[in-house]
Amino acid sequence: MGRCTNRLLDFSLYFSPYFSLSPNSSKFDQSQKRREMGDASAGAGAGAGHPYRPYRLLRTVTAHSRAVSCVKFSPPDGRLLASASLDKTIAVLCSSTLATLATLRGHSEGISDIAFSSDASYLASASDDSTVRLWVLKNLPSSNSNSNSSEELGDRCVRTLRGHTSYVFCVNFNAQSNLLVSGSFDCTIRMWDVVTGRSLRCIKAHDAPVTALHFVRDASMIVSASHDGSCKVWDATTGACLKALIEPGKGPAVSFAKFSPNGKFVLVATLDDTLRLCNLANGKSLKVYTGHVNRVYCITSTFSVTNGKYIVSGSEDKCVYIWDLQGKNVLQKLEGHNDTVISVSCHPTQNKIASAGLDNDRTIKIWVQDA
C-alpha cells in the first residue's frame, strides 16, 4: 500500500512504508576526510558564511480532502507547486499566488509520489492502482485565475504506464526527461521510455517494497531505497547494480534516498530517526542528522541550496526540521501542522519551503525566510 491509503490500518496484509515492520533479520585518513567534507559542503550548493535567517509560516493551503502524500516545486524556476493525495487527485498550483491551476483526476486509488520533468512540461504520478500516469502541464490556465475556474479534468493524462503488479510508490525523471523510473511494492524498478510509454527494463531490485528512487544529475546512475534495509546504486543504461551503499538486513528499513546536487553524495533516511549523508564512492557515512522523529512513515527529505547549506525533512512530531549541513545541528523546527509532515520541497531559486501533512492535517504549508 502507498504513502496514504485506508488500507494502512490493516498493515498485516503487507509491509507498509508508514506502519513499518523491521526487516528480517576502515577509517578515513584525516586529509581524505577533510576533502570529503569539502565536497559534501560544495554538493549542497550555496556558499558558506551566510547567517541563518529563521523561516516563518507564509500561507496554509487546503487543496485536498484527504492526506497529502507528496509536494514538489517545479524545476527549473519553481513556477509551479504540485501536490498528491490519498483523495486520488493531484493539485497543480501557481507557487507565487497559490491559486489552483488544475486538478488532475484519473487514478483509481491514492497517489504516493509525483515528479516534474526538467522543464515542468510534464508530471508523472505513482499510485496504489499499480500504474504510473504521465500528465501534460502545457497551457495551464493563467495564474490570475481563481480556484473556481481551475481545470478539473482527466484529459491532461497523455499516458498510463502499466507493468507493475502492486502499488507504485515512487517515480522520477532523468535530467533529460526522456526516461522515467518507478519503484513498487512488487520489489521491482521499472524504466520507461517517456515518448512511447514502453517499459524498457524491469529490475528485480530488492526483497521488499521500493521506497525511493532518484537519478544522479548526469542520469548515469539511479539510487534506490527499500524496506529490506538496503540502499543500492544502479547503472541507468544496463540496469546492473553498481554497489550497495547499505546492505540488506543489517539495519532498519531505508525509507528515502536522494543524490546530492553535485552527485557525489547520497542523503539516506532510515526508520530509526536518522538521516545520513553518505559518500557515493565508498559508502561511508560522513554526516548524521538526528532530532526528528521517523520510525513509521517514509518521509521525504531534501537539500536547501538557496541561502546557505541545509538539510530539510518532515517528521512524525508534526514539524519540519532544518539542519546545518556541515555542523549537523538543528537550526530550526517549524511548527504548525496537525499531523505527520510526510513531504517537504525546497524552492529551486527562492528561500521557500513547502510541507505536507497527513490525514489529521490535510494541508500544504509555505514557509519563507525574510530578507
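**Aromatic pairs in a predicted model**

Let me begin with tyrosine 52, which is partly exposed at a relative accessible area of 23% (buried is under 20%, exposed over 50%, partly exposed in between, with a 1.4 Å probe and protein chains only). The model is predicted, so local features need pLDDT of at least 70 and side-chain atom pairs count only at pLDDT 80 or more, while totals for chains, interfaces and linings use all residues. Residues are numbered from 1 along each chain as its sequence is written, and side-chain values use heavy atoms, leaving out hydrogens and water.

On confidence, the protein averages a pLDDT of 87, and 83% of the residues score at least 70; pLDDT is the predictor's confidence in each residue, from 0 to 100. Over residues 5-38 pLDDT stays under 50, and the model has 71 contacts there beyond four places in sequence (contact means heavy atoms within 4.5 Å). Where pLDDT is low, the predicted coordinates should not be read in detail.

Across the whole structure, a search finds 5 aromatic pairs. Rings of Phe, Tyr and Trp (its six-membered ring) pair if their centres lie within 6.5 Å; planes under 30 degrees apart are stacked, over 60 edge-to-face, and the rest tilted. One of the pairs joins tyrosine 52 and tyrosine 310, edge-to-face, at 5.3 Å centre to centre with 80 degrees between the planes. Tyrosine 310 is buried, at a relative accessible area of 3%.

Turning to another pair, tyrosine 321 and tryptophan 323 have ring centres 5.8 Å apart and planes at 25 degrees, so the pair is stacked. Tyrosine 321 is buried at 5% relative accessibility, and tryptophan 323 is buried at 0%. Finally, Tyr167, Phe169 and Phe185 form one aromatic cluster.
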